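Biologist: I would like a close look at a single part of this model. Please start there, then show me how the rest is laid out around it.

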Amino acid sequence: MTPRVLISDKMDPRAAAIFRERGIEVDEITGKTPDELAAIIGDYHGLAIRSSTKATARLLDHATNLKVIGRAGIGVDNVDIPAATARGIVVMNTPFGNSITTAEHAIALMFALARQLPEADASTQAGKWEKNRFMGVELTAKTLGLIGAGNIGSIVASRALGLKMKVVAFDPFLSPERALELGIEKVELDELLKRADFITLHTPLTDQTRGILSREALARTKKGVRIINCARGGLIDEAALKDALDSGQVAGAALDVFETEPATASPLFGTPGFISTPHLGASTTEAQVNVAIQVAEQMSDFLLLGGVTNAINMPSLSAEEAPRLKPYMALAEKLGKLLGQVLGDQVRGVSIEVEGAAAALNQKPITGAVLAGLMGTYSQTVNMVNAPILAKERGLDVKEVRHEREGDYHTLVRVTASTPTGDRCVAGTLFGNSAPRLVDIFGVAVEADLAGHMLYIVNNDAPGFIGSLGTALGEAGINIATFNLGRRAAGGEAVALVAVDDPVTPEVVARLCALEGVREVVPLSF
Ligand SMILES: NC(=O)c1ccc[n+]([C@@H]2O[C@H](COP(=O)([O-])OP(=O)(O)OC[C@H]3O[C@@H](n4cnc5c(N)ncnc54)[C@H](O)[C@@H]3O)[C@@H](O)[C@H]2O)c1
Ligand SMILES: O=C(O)CC[C@@H](O)C(=O)O
């Protein structure tokens, strides 16, 4: 059967041309409401999008034939990845096609802020010739504070260094070696806020980065700072930014992205010193050609040949190895995700050991899956394919060890993370050669399925704890699906892995942390 692809956002015509050349039927239907899209999505095997289409769980419920979603761009926050994965839909992005363009937009906005270009243009074209009103600042010798020094952030850094700026960066996952290579200084957030004349944001929107420029953070900035956001809305508290512009704490701010998009109204509009663009970071001919060609080639390869490139939720694999390796990769990714969520930026290196039956397999995809799971907790551009390169770039020390002998389990994958406070190890096996199970978490034996929403809880082993935990979750309206317990020794440190039906909010986590004997609570999602 001929595959059919729907292009539902405005995309360079080369994408449609490639699909047609490769024998795929393609429709370009843009500007549809979610209901209109839901009514037609069932006819398609592929969906090619930019940022306007929201691939929600509701839309995907109607996508009965959909096999692949291709994002012509980087951020996949408009795609419900767990929902796509649950429905067996591969989600691909084009991680590098628009990075230079977006970095250039950030630099353009920095110049626009420094010289008040939009206001000066409007005033001049209104016939005012207000030469004395617009006094700018030079960029040379100023300090640029980068929040996020990944793909785009590092390009911004190189351009800023060319402008003779000093660049400091806050990025917990930036290695000292990479910082040295980029010619920038790695600092803590507070230090950056104190020193930067300009701040530019280049992180994904995650639980850790949401509101990273909060009211409190803005209050700690150098007076007269200028701020640029070409990453994601939600990184800055927009109401606090408005107040900081009004008070003069912030001299200028340029936003390409907003908490709610399209941003057709905002208290920031009209504020002196405020500049905005309508999510144009990736909008150049070059970038749009790059991402359109790349997404169409990747989707065609997948639909016609089964080739997988730049998938967010699936490893790259040859047809022969796939069936045997897939359950191991699912296990490995879960172990990596578990370590990433519990240890965050503490992980300096990982050792991946395969034992028993697992030792007979190609270890690379297993390693890729561990790294993708680990780094996927803080980067949207990481996938099975690029994870080993990114790990190297970030100075993450990766070791692979193979033990042919069998231990307690006929097959085992063990991942040990090295952190400044010591090694932390998790291990898992496959039940029935297909179902991943966690069997060891930080030295405590458990037997748990890592799936959906979970809580990792460390507490003092004492009577009554399970009851108070169950009551606290019940009061928060959270249903417990499964409960796994383990402990080092009676009366010592105990670990609970609790699967719950709904995500656990930070407020509920705070309530659990306050329970007697609780040492740590980390919400997990798989
Ligand atoms: N405006 C646009 O049109 C446009 C275009 C392209 C990309 N983007 C967005 O730009 C952002 C960056 O893209 P990228 O390709 O550079 O991604 P990337 O994954 O290469 O880099 C993100 C960086 O953020 C860092 N980071 C993660 N958590 C952090 C934290 N808590 N504090 C500080 N740093 C943290 C990561 O270590 C990484 O270095 C993404 O959100 C992407 O969606 C926007
Ligand atoms: O497609 C766009 O215009 C925006 C893309 C950008 O937000 C991205 O994350 O790649």
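Biologist: Which is T200, buried or exposed, and why?

Modeller: T200 counts as buried, because its relative accessibility is 1%. (Buried means under 20% relative accessible area, exposed over 50%, and partly exposed in between, with a 1.4 Å probe and protein chains only.) This is a predicted model, where local features need pLDDT of at least 70, side-chain atom pairs count only at pLDDT 80 or more, and totals for chains, interfaces and linings use all residues. Residues are numbered from 1 along each chain as its sequence is written, chains are lettered from A and ligands numbered from 1 in the order in which they are written, and side-chain values use heavy atoms, with hydrogens and water left out.

T200 sits in strand β9, residues 198–201. (Strands are DSSP runs of E with at least two residues, helices are runs of H or I with at least four, and both are numbered from the N terminus.) The side chain of T200 makes a polar contact of 2.7 Å with the side chain of H202. (A polar contact is a pair of N or O atoms within 3.5 Å; within protein, one must be able to donate a hydrogen and the other to accept it, and residues adjacent in sequence count only if both atoms are side-chain atoms.)

A backbone N or O atom of T203 lies 3.1 Å from an oxygen atom of ligand 1. H279 brings a polar side-chain atom, 3.3 Å from an oxygen atom of ligand 1. On its own, ligand 1 has 870 Å² of accessible area, and the protein covers 96% of that. (Accessible areas come from the Shrake-Rupley method with a 1.4 Å probe; for residues, only the protein chains shown count as cover.)

Now the whole shell. Ligand 1 is surrounded by 31 residues, and the closest are N151, I152, D171, C230 and S379. (A residue is near a molecule or strand if one of its heavy atoms lies within 4 Å of it.) By type, the shell of ligand 1 has 12 nonpolar, 15 polar and 4 charged residues. (Ala, Val, Leu, Ile, Met, Phe, Trp, Tyr, Cys and Pro count as nonpolar, Asp, Glu, Lys and Arg as charged, and the others, Gly among them, as polar.) Domain 2 (117–272) and domain 3 (316–442) each give at least three residues to the shell around ligand 1.

Ligand 2 has H279 in its surroundings, together with R50, S51, R71, G73, I74, G75, N98, R232 and A282. Among these residues around ligand 2, 2 are nonpolar, 5 polar and 3 charged. An N or O atom in the side chain of R50 is 2.7 Å from an oxygen atom of ligand 2. I74 uses a backbone N or O atom, 2.5 Å from an oxygen atom of ligand 2. N98 has a polar side-chain atom 3.0 Å from an oxygen atom of ligand 2.

The domain assignment gives domain 1 (4–96 + 286–305), domain 2 (117–272), domain 3 (316–442) and domain 4 (451–525). (Domain bounds come from an automatic or database domain assignment.) The centres of domain 1 and domain 3 are 30 Å apart, taken over C-alpha atoms. The chain holds 17 helices and 22 strands. Of its 526 residues, 53% are buried. The C-alpha trace spans about 80 × 60 × 45 Å along its principal axes.

P262 lies in the loop between β11 (250–255) and β12 (274–276). The peptide bond from E261 to P262 is cis, with omega near -5°. A141 has a positive phi, near 70°, although the residue is not glycine. A141 is in the loop between α6 (117–125) and β6 (143–147), and counts as exposed at 61% relative accessibility. F442 also has a positive phi, near 50°. F442 is in the loop between β17 (435–441) and β18 (444–448). F442 is buried, with a relative accessible area of 7%.
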